[in-house]
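Thanks for coming, everyone. Let me put the model up, and then we'll walk through it piece by piece.

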Amino acid sequence: MTGSAGGPAGPPPSGDSAAPPTCYRHPDRETYIRCSRCERPICPECMIAAPVGYQCPQCVAEGRKGVRQARTVLGGQRRDSSSNAVTLTLIGINVVIWVMGLAIGTRGDSFLDRYARGIGTNELSARLGLVLGDRGDPFSFGVVDGQWYRLVTAAFTHENVLHIGLNMVALYMLGSSLEPILGRSRFLTLYLLSALGGTAASLLTVSDPYSLSYGASGAVYGLFGALFVIARRLGRDTGGIVVILGINLVFGFTVPGIDWRAHLGGLVIGTALAAVYAYAPKEQRGLWALIGSLAAAMLVTTAIMIAVS
């Protein structure tokens, strides 16, 4: 008996002078178990249960390459766990930045500290928030002065508990629904481009070059638009989404201090990009996702360049 089915081969009979078999991955370990696929000796550490006997890690890995991964109706990879890992990571980044802002405060006397105290925020928010700026001023402050990072960091910065709380609850609910359907890469692309769409719209229509804007609302509105499109694509009821979105839009237009331009910008980009993801031909989803993402990125870039020119 050789143990070719993954079972024990048994020790050699007494008087056999042949050296005992050793694990092919751990030559110092004697073993009488063989992989049921390649028949190489494997020690208990390398044994992986198979339908028949045991297999070695290499054979298991090779077998998995030929297994087609399960996909959602829109092409997202089905995952048994951590289906909203990107959503939770985005929430974590937002919370960490907000806590850092509270810890830093406005204790100094720098230009940013004075600016932050003047508008009732903290120094980190003033450093990371969206400010257009003016090339004619004697100091470096704003996107026009080369602080391009503000285009992204503004979407991860928040003012107070209510601000970050509402945005993160919405992000969790929307992200936990969209991420499993779209897959991690397309969901993250949709989120970031929606955030940049909100940034671009805000810069294009800003009246005060030194006004400060921040928050994940643009990205969240993009997710609202995406959820509406995908729900329609799947034949589900969209009445509740429309009502919630309408209420939020009314608040954005009527409550002072809310940057409704960023909301609309994120909504337009998120809705349009989700339409490409949802209605792309099944055989060409990857190509159309790339084309749609690049087109959205070019549109956002063009708008930003016009705003800063």
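Which helix gives the largest share of the lining of the largest pocket? It is α8, with six residues. Before I go on, some ground rules. This is a predicted model; local features need pLDDT of at least 70, side-chain atom pairs count only at pLDDT 80 or more, and totals for chains, interfaces and linings use all residues. Residues are numbered from 1 along each chain as its sequence is written, and side-chain values use heavy atoms, with hydrogens and water left out.

Back to the pocket. It holds about 1200 Å³ of space. Its lining has 47 residues, and the closest to the centre are His163, Ser217, Ile258, Asp259 and His263. A word on terms. The search runs on a 1 Å grid over the protein atoms alone, and a pocket is an open set of points with protein on both sides within 12 Å along at least five of seven lines. Lining residues have an atom within 4 Å of a point. The volume is the space filled by probe spheres set on the points, which are joined across faces, edges and corners; the probe is 1.4 Å.

Which helices each supply at least two residues of that lining? They are α3 (111-119), α6 (161-182), α7 (184-205), α8 (217-233), α9 (239-254) and α10 (260-279). Helices here are DSSP runs of H or I, at least four residues, and strands are runs of E, at least two, numbered from the N terminus. By class, the lining has 27 nonpolar, 16 polar and four charged residues. Nonpolar covers Ala, Val, Leu, Ile, Met, Phe, Trp, Tyr, Cys and Pro; charged covers Asp, Glu, Lys and Arg; the others, Gly among them, count as polar.

Now the annotations. The unreviewed UniProt entry lists "domain: Peptidase S54 rhomboid" at residues 146-278. In the model, residues 146-278 are 75% helix and 0% strand, with the end C-alpha atoms 36 Å apart. The unreviewed entry also places "transmembrane region" at several spans, including 187-206 and 262-280. Residues 187-206 are 95% helix and 0% strand, with their end C-alpha atoms 29 Å apart. Residues 262-280 are also 95% helix and 0% strand, and there the end C-alpha atoms are 27 Å apart. Keep in mind that such annotations may be inferred rather than shown by experiment.

Next, aromatics. How many aromatic pairs does the structure hold? Seven. Rings of Phe, Tyr and Trp (its six-membered ring) pair if their centres lie within 6.5 Å; planes under 30 degrees apart are stacked, over 60 edge-to-face, and the rest tilted. Take Tyr115 and Phe141: the ring centres are 4.9 Å apart and the planes are at 70°, so this pair is edge-to-face. Tyr115 is in α3, and Phe141 is in the loop between α4 (123-128) and α5 (150-153), 26 residues apart. Are these two residues buried or exposed? Both are buried, meaning under 20% relative accessible area; exposed is over 50%, and partly exposed is in between (1.4 Å probe, protein chains only).

Then Phe139 and Tyr210. This pair is tilted, 6.3 Å centre to centre with 45° between the planes. Phe139 is in the loop between α4 and α5, and Tyr210 is in the loop between α7 and α8, so the pair ties together parts 71 residues apart in sequence. Phe139 is partly exposed at 32%, and Tyr210 is partly exposed at 27%. Phe111, Tyr115, Phe139, Phe141 and Tyr210 form one aromatic cluster.

Charges over rings come next. The cut-off: NZ of Lys or CZ of Arg within 6 Å of the ring centre and within 35 degrees of the ring normal. The charged end of Arg40 sits over the ring of Tyr24, 4.0 Å from its centre. Arg186 lies over the face of Tyr277, at 5.7 Å from the ring centre.

Most residues other than glycine have a negative phi. Glu39 is not a glycine, yet its phi is positive, about 65°. Glu39 lies in the segment before β1 (48-49) and is partly exposed, at 41%.

Last, Leu203. This residue is in α7 and is buried, at 4% relative accessible area. Leu203 and Ala262 are 59 residues apart in sequence, and their C-alpha atoms are 8.7 Å apart.
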